[in-house]
Amino acid sequence: MAKIFDEDRIFFPEDPEMRVFGSVEKLAQWRHRNFGPPFMRFGRRIGYHGVDLNNYTEDNRVDPNDEAA
């Protein structure tokens with residue numbers, strides 16, 4: 001599967017690439033509920049490593065043609 005995010009980069013919630021997950025507020029809600037991709041805390045800043053974002057998107061991939069029961 002193609003990688004959406006650069007795996008060697010740290011992404012911040014306000015980065016345009018992060019809109020694939022929704023708004024900055026949605027990401028904050030997910031963190032509060034212990035849901036969503038893994039994140040790192042740098043003081044008050046939140047960052048997401050590209051490799052974790054790619055893993056998260058792959059783990060949540062749905063194949064409608066999958067014949068698994």
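This section describes the sheet, helix packing, nonpolar core and salt bridges of a predicted model.

Three strands form an open sheet in the order S1-S3-S2, with antiparallel pairing. Strand S1 (10-11) and strand S2 (40-42) are the edge strands, each pairing on one side only. Between S2 and S3 the antiparallel pairing extends over three bridges, and Phe 42 stands opposite Arg 45 in S3. Helix H2 lies across S1 and S3 and runs at about 65° to S3.

Helix H1 (residues 24-32) has the buried residues Leu 27, Trp 30 and Arg 31. These residues lie on the same side of H1, because they cover an arc of only 100° around the axis. An α-helix has 3.6 residues a turn, so residues three or four places apart point the same way. The buried residues of H1 pack against strand S3 (45-49) and helix H2 (50-59). Glu 25 and His 32 are exposed, on the face of H1 turned away from its buried side. Just after H1, Asn 34 adopts a positive phi of about 55°.

The largest nonpolar core consists of ten residues: Phe 5, Phe 11, Met 18, Phe 21, Leu 27, Trp 30, Ile 46, Tyr 48, Leu 53 and Tyr 56. At least two residues of this core come from each of H1, S3 and H2. In soluble globular proteins, nonpolar side chains tend to be buried together. With neighbours within four places in sequence left aside, Leu 53 is in contact with Phe 5, Phe 11, Met 18, Phe 21, Pro 37 and Tyr 48.

The model contains four salt bridges. One of them joins Arg 45 to Glu 14, with the closest N and O atoms 2.9 Å apart. Because Arg 45 lies in strand S3 and Glu 14 in the loop between S1 and H1, this pair ties together parts that are 31 residues apart in sequence. Arg 45 is partly exposed, with a relative accessible area of 38%, and Glu 14 is also partly exposed, at 43%.

A salt bridge between the side chains of Arg 9 and Asp 15 has an N to O distance of 3.2 Å. Arg 9 is partly exposed, with a relative accessible area of 30%, whereas Asp 15 is buried, at 13%. Arg 9, Asp 15 and Glu 17 are linked in a network of salt bridges. In the salt bridge between Lys 3 and Glu 7, the closest N and O atoms are 3.9 Å apart. Lys 3 counts as exposed at 54% relative accessibility, and Glu 7 as partly exposed at 28%.

Note on methods. Residues are numbered from 1 along each chain as its sequence is written. This is a predicted model: local features need pLDDT of at least 70, side-chain atom pairs count only at pLDDT 80 or more; totals for chains, interfaces and linings use all residues. Side-chain values use heavy atoms; hydrogens and water are left out. Buried means under 20% relative accessible area, exposed over 50%, partly exposed in between (1.4 Å probe, protein chains only). Helices (H or I, at least four residues) and strands (E, at least two) are DSSP runs, numbered from the N terminus. The arc is that of the directions from the helix axis to the C-beta atoms. Contact means heavy atoms within 4.5 Å. Two strands pair if DSSP finds at least two bridges between them. Axes are lines fitted to C-alpha atoms, for helices over the stretch in contact, and angles run from 0 to 180 degrees between N-to-C directions. A nonpolar core is a set of buried Ala, Val, Leu, Ile, Met, Phe, Trp, Tyr and Cys residues joined through side-chain atoms within 4.5 Å.
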